[in-house]
Structures are given as C-alpha cells and as structure tokens.
Amino acid sequence: GGAPPTWTSISTLMIRLLKKHGFHTPLKGSWSDVTLHILAILFVDDIDMLLAALSMQNNDEFIAMIQRAINEWGKIVMATGGYLKQVKCQVALAIVEFVQGQPTLRGKASLNNVEFTIPTKDGDAAPIKVLGPNDAVEALGITTDLVNSGEHHLKEVEKKMLEWISKLKSSRI
C-alpha cells in the first residue's frame, strides 16, 4: 500500500534534481503568455523526457545536451538503487532544418551517425536506439510518432481488433 506514495515522493525529488541541472523545456502559452517548464512525463517506472533545443543552440549542442540529460538521469536513478534498462531506453529525434527557406524534418537516414548511451551499473555506457520523427514510439500505452501522424496507433488498434475478432470467432458459447 505504501509503494505509490513513496514512488511519488522519490520521483518528485528525482525530477527536481534533473530540473536543477537545467534539463527542462520552457513552453509559453500563446494566450496567457505564461511560461511553463516541462521536463518529463512519468508513469510508474517509465519516464519520457521532453527536451527542446534552446534558442541559438545548434544541432550538435542539442544532441550533446540530450546525452548529458540521459547521463544525469541514469546517475539519479542509480542513486535510488535502480538502473536504466537498455531494452527500455531510446531517443526519438525531430531535428528541423530549413531547405530553401522551408522547415523540414531530418529523416532517419540522416541520423545514422547520431548515437546515445546510458550509464550502466558497472560504470560503462551501453548504446540505445535512436528513432527518427516518423518511427513508432510507445508512450503511456499509445503508439505514436513525433509528427503525430496517427498511423502507428491505428495499426496497433487494427492489430488488437483482429486478434479480438479471431478470439471471438474461435470461442465456444
């Protein structure tokens, strides 16, 4: 019974530490002009860090900032007795470039030389997956992508629907 409130207390401190190190994204309300600093979405033991490039930060600086945030989070998790699991970690990147004055997203192929690692229990670093803006990302039970196409979620819903239909047809009443 004490696990949920304990996790809430611990994770709140963990997020505050990460925010103290400057890893948060300021968002300004278009109507209210109020600035909100968003760092992550947490659900049980999963975290989705939401980082945006700072003004005047180039792509290489942004990528280095993401790696520093991952390293810092890994250290914070290890300080609580946990560790980051390589199979559960990934980075999805949406990098905007201007081509002939028009904003375009860099595709997955242009991200092949970008690598991210997580700190491990034994002090090493383990590589993690790098996803492009159109790749499927599962977050809080929904499969989506960074461009919010809806395509991946619809495929998942269709797959589940076909499984359910198959089970209904094969069950005996």
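These legends describe close-up views of a predicted model.

**View 1. The three-stranded sheet.** Three strands make up an open sheet with mixed pairing, in the order E5-E9-E8. Strand E5 (90-92) and strand E8 (116-119) are at the edges; each has a single partner strand, so one side of each has no neighbour in the sheet. On average, neighbouring strands of this sheet are turned by 40° against each other, direction ignored.

**View 2. Strands E8 and E9, with helix H2.** E8 and strand E9 (residues 125-131) run antiparallel and are joined by four bridges. Thr117 stands opposite Pro127 in E9. Helix H2 (residues 59-79) packs on the sheet and touches E5, E8 and E9. The direction of helix H2 makes about 20° with that of E8.

View 3. Lys75 and Glu72 form a salt bridge, with their closest N and O atoms 3.9 Å apart. Both residues lie in helix H2, three residues apart, which is about one turn of the helix. Glu72 counts as buried because its relative accessibility is 16%, under the 20% cut-off.

**View 4. Two further salt bridges.** Four salt bridges are found in the whole structure. One of them joins the side chains of Asp33 and Lys28 (3.5 Å, N to O); Asp33 and Lys28 are exposed. Glu97 forms a salt bridge with Arg106, and the closest N and O atoms are 3.7 Å apart. Glu97 is partly exposed, at 32% relative accessibility, whereas Arg106 is buried, at 15%.

**View 5. The surroundings of His152.** His152 is placed in helix H3 (residues 151-170). His152 has a relative accessible area of 14% and is therefore buried. Beyond its neighbours within four places in sequence, His152 has contacts that include Asn134, Asp135 and Thr143.

How values were computed:
Residues numbered from 1 in each chain as written. Predicted model: local features only at pLDDT ≥ 70, side-chain atom pairs only at ≥ 80, totals over all residues. Heavy atoms only, no water. Helix = DSSP H or I, 4+ residues; strand = E, 2+ residues; numbered from the N terminus. Buried < 20%, exposed > 50% of the residue type's maximum accessible area, 1.4 Å probe, protein only. Contact = heavy atoms within 4.5 Å. Pairing = 2+ DSSP bridges. Axes fitted to C-alpha atoms, helices over the stretch in contact; angles between N-to-C directions.
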